Amino acid sequence: ADLREWSSARDSITRAEHTVMGDMDDPLFHHKLRAMQGLAYLAEGRYYDAAKSFTSVSPDLTNQVNSVISAEDIAMYGSLLGLATLDREMLHSLVIDGTFKVRLELVPDMREALRHYSRAEYGQCLSILQHTLKRDLLVDIHLHSHVPILLDMVRDKCIEQYFQPYSSASLEKMGSVFGCTLEEMEMIVVKLIGNGSLGEGARVNVADLTLRVESGDTLEKKTRRRARVAAAKMGAHFTRSAEGMIMRAACIESGVTIQGEKQRRGGRPRGGRPQMHDDDPEMVVDDDPEMEKGVDPIEMDGSDSDGDVMEIENPNEF
């Protein structure tokens with residue numbers, strides 16, 4: 001731990017916890033291990049596990065490992081990590097009302113922040129963390145690199161708790177409560193909506209700058225409406241596809257082939273046989289062997305009547 005080799009320290013702690021030492025006369029040995037384990041979890045960014053480790057350290061462990069962590073450090077780390085990661089019930093049972101409560105006397109400012117949080121006075125709680133404790137936390141040897149992340153986690157947690165009983169809240173009012181500008185509060189709320197922290201139906205109304213959450217009945221109605229629209233679109237697509245297949249089958253059965261516009265301007269190719277293109281609406285092809293010889297079937301019959309040729313301008317009207 002002194003060398004900050006936290007991965008090796010955690011492995012050594014795990015081995016020591018499972019080692020039976022009958023002649024050891026140190027009742028605080030396992031609590032020292034938990035304090036070291038909490039530091040290892042903190043260095044690795046495992047804040048929840050670190051909070052559980054620090055809050056399980058006995059109050060009898062004070063300055064026995066003062067070269068690595070002091071009693072005030074254990075109190076500060078356990079309370080701040082617990083405030084950032086534990087839910088309200090666990091925070092009360094492990095930090096505010098548990099055996100860890102004795103340690104809070106060593107950090108009175110943190111104790112006040114916890115008291116404000118337990119009373120749902122989230123603005124005062126964040127004010128103490130931001131303006132009173134943050135400067136000292138930023139120079140802490142173990143905690144300094146984690147302070148911005150932990151304070152953001154506490155702020156997001158307070159916003160979630162603040163909005164939980166409401167279905168609509170003004171972003172401007174929330175910004176004044178949490179000490180943010182309107183733009184900052186909007187960005188924070190959008191981030192919380194994106195990660196699902198405010199619930200499935202949470203939305204920002206940009207017209208009146210409010211945060212709203214839709215009820216379960218409204219969400220169910222919208223889900224049903226989307227399902228009906230999707231079913232209607234699928235039915236229309238199936239109908240168009242079926243009509244197209246029927247029309248194609250009828251044309252094939254009648255020996256009618258509808259050509260496109262491209263070749264109508266090009267005339268006949270060198271072999272005397274018209275070039276057939278699918279996009280020429282006026283070119284009609286009959287499966288007659290005489291077409292292979294380049295003979296026009298109308299000229300062969302000597303008929304000038306146009307009634308034998310079926311011309312379809314719009315295939316959808318067939």
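Helix 8 has 17 residues and spans 24 Å from its first C-alpha to its last, close to the 24 Å expected at 1.5 Å a residue. The expected span is 1.5 Å times one less than the number of residues. This is a predicted model: local features need pLDDT of at least 70, side-chain atom pairs count only at pLDDT 80 or more, and totals for chains, interfaces and linings use all residues. Residues are numbered from 1 along each chain as its sequence is written, and side-chain values use heavy atoms, with hydrogens and water left out. Helices (H or I, at least four residues) and strands (E, at least two) are DSSP runs, numbered from the N terminus.

**Helix 8 and helix 10**

- Buried residues of helix 8 include Val147, Leu150, Leu151, Val154, Ile159 and Phe163. Buried means under 20% relative accessible area (exposed is over 50%, partly exposed in between; 1.4 Å probe, protein chains only).
- The axes of helix 8 (residues 147–163) and helix 10 (residues 182–194) come within 11 Å and cross at roughly 80°. Axes are lines fitted to C-alpha atoms, for helices over the stretch in contact, and angles run from 0 to 180 degrees between N-to-C directions.
- The two helices are therefore roughly perpendicular; that label covers 65 to 115 degrees, with under 35 roughly parallel, over 145 roughly antiparallel and the rest oblique.
- Helix 8 contributes Arg155, Asp156, Ile159 and Glu160 to the contact, and helix 10 contributes Met185, Ile188, Lys191 and Leu192. Contact means heavy atoms within 4.5 Å.
- By class, this contact has four nonpolar, no polar and four charged residues. Nonpolar covers Ala, Val, Leu, Ile, Met, Phe, Trp, Tyr, Cys and Pro; charged covers Asp, Glu, Lys and Arg; the others, Gly among them, are polar.

- Three strands form an open antiparallel sheet in the order 1-3-2. Strands pair if DSSP finds at least two bridges between them.
- Strand 1 (168–170) and strand 2 (202–205) stand at the edges with a single partner strand each, so one side of each lacks a neighbour in the sheet.
- Twist averages 20° from one strand to the next.
- Strand 1 pairs with strand 3 (residues 210–213) over three bridges. Ser170 has Thr210 of strand 3 as its bridge partner.
- Strand 2 pairs with strand 3 over four bridges. Thr210 is also the bridge partner of Asn205.
- The hairpin of strand 2 and strand 3 has four residues between the strands, and Leu209 takes a positive phi near 55°.

**Helices on the sheet**

- Helix 9 (residues 171–178) touches strand 1, strand 2 and strand 3, and its direction makes about 65° with that of strand 1.
- Helix 10 touches strand 2 and strand 3, at about 150° to the direction of strand 2.
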